[in-house]
Amino acid sequence: MVEANETKSTGREIAAMLLEIGAIKLNLDQPFKWSSGWNSPIYCDNRLSLSYPDTRKFIKNALVDTIKRNFPDVQAIGGVATAGIPQGALVADALDIPFVYVRSKPKGHGMENMIEGKVTKGQKVVLIEDLVSTGGSSLKAADALKAAGFIVMGMAAIFTYGFDLASENFAQANIPLKCLSDYNQLLEEALKQGQIKEEQLETLENWR
């Protein structure tokens, strides 16, 4: 299914918070290089929010509300390694349901697990991700849970760049994606805070 953002007011508030604490940085003059090799005017590190109690609590509550509203029958939360692990654990604790997390690849020793935590076949799980770009790593985690016998109801994420490729990938996998905030809301807040100028908007929009 095509990804859907949650309430606009929540999205703008989260974008504002992430900008204020420096979790999201914008730089058109010296683009950031992603691990994929892409040059980007934006760098997003939502893990930084964990160090700010007010921001951490707001995001946790927004994720919990999103899950209750969209996936009321959820029975477990799955965190996508690594940034989705702490967020997922916070959400699972708030909902008082089991938590597991999914590695990017099986552990190279011991039980060689890819999924950490109790695997319960037939259990309905919602994945938590901090950031969605193309959706590749997120959907790989979903596939691992399905292979283990879980029913993947959907995914909730803090932020999405809103790439068409991500929407196509989630639609093809038939996994609903619910995001708290997105790139457009980020640009609105960055302009409001004076972190970018009006004349830079077109360049930033064209990049996406």
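This is a predicted model: local features need pLDDT of at least 70, side-chain atom pairs count only at pLDDT 80 or more; totals for chains, interfaces and linings use all residues.
Residues are numbered from 1 along each chain as its sequence is written, and side-chain values use heavy atoms, leaving out hydrogens and water.

**Helix α6**

- Helix α6 spans residues 183–192; helices here are DSSP runs (H or I, at least four residues), strands are E runs of at least two, and both are numbered from the N terminus.
- Tyr183, Gln185, Leu186, Leu187, Glu189 and Ala190 of α6 are buried, where buried means under 20% relative accessible area, exposed means over 50%, and partly exposed is in between (1.4 Å probe, protein chains only).
- An α-helix has 3.6 residues a turn, so residues three or four places apart point the same way.
- The cover over the buried residues of α6 includes α1 (8–20), β10 (151–160), β11 (177–182) and α7 (201–207).
- At the start of α6, a side-chain oxygen of Asp182 comes to within 3.3 Å of the backbone nitrogen of Asn184.

**How α6 packs on α1**

- Two packed helices are described by the angle between their axes and the distance between the axes.
- For α1 and α6, the axes come within 9 Å and cross at roughly 60 degrees; axes are lines fitted to C-alpha atoms, for helices over the stretch in contact, and angles run from 0 to 180 degrees between N-to-C directions.
- That makes α1 oblique to α6, since angles under 35 degrees count as roughly parallel, over 145 as roughly antiparallel, 65 to 115 as roughly perpendicular and the rest as oblique.
- On the α1 side you'll find Lys8, Gly11, Arg12, Ala15, Ala16 and Leu19, which meet Gln185, Leu186, Glu188, Glu189 and Ala190 in α6; contact means heavy atoms within 4.5 Å.
- Sorted by class, this contact has five nonpolar, two polar and four charged residues (Ala, Val, Leu, Ile, Met, Phe, Trp, Tyr, Cys and Pro count as nonpolar, Asp, Glu, Lys and Arg as charged, and the others, Gly among them, as polar).

**How α2 packs on α3**

- Helix α2 (residues 53–70) and helix α3 (residues 84–95) pack at about 60 degrees, with their axes 9 Å apart.
- The contact involves Arg56, Ile59, Lys60, Leu63, Val64, Ile67 and Lys68 of α2, along with Gln87, Leu90, Val91, Ala94 and Leu95 of α3.
- Those residues split into eight nonpolar, one polar and three charged.

- Most residues other than glycine have a negative phi, and most peptide bonds are trans.
- Ala81 and Thr82 are joined by a cis peptide bond, with omega about -5 degrees, and Thr82 sits in the loop between β6 (76–80) and α3.
- Asp96 isn't a glycine, yet its phi is positive at about 60 degrees; you'll find Asp96 in the loop between α3 and β7 (99–102), exposed at 70% relative accessible area.
- Asn174 isn't a glycine either, and its phi is positive at about 55 degrees; Asn174 lies in the loop between α5 (164–173) and β11 and counts as exposed at 52% relative accessibility.

**Trp207**

- Trp207 belongs to helix α7 and counts as partly exposed at 24% relative accessibility.
- Leaving aside neighbours within four places in sequence, its contacts include Trp34, Pro41, Phe163 and Tyr183.

How values were computed. A polar contact is a pair of N or O atoms within 3.5 Å; within protein, one must be able to donate a hydrogen and the other to accept it, and residues adjacent in sequence count only if both atoms are side-chain atoms.
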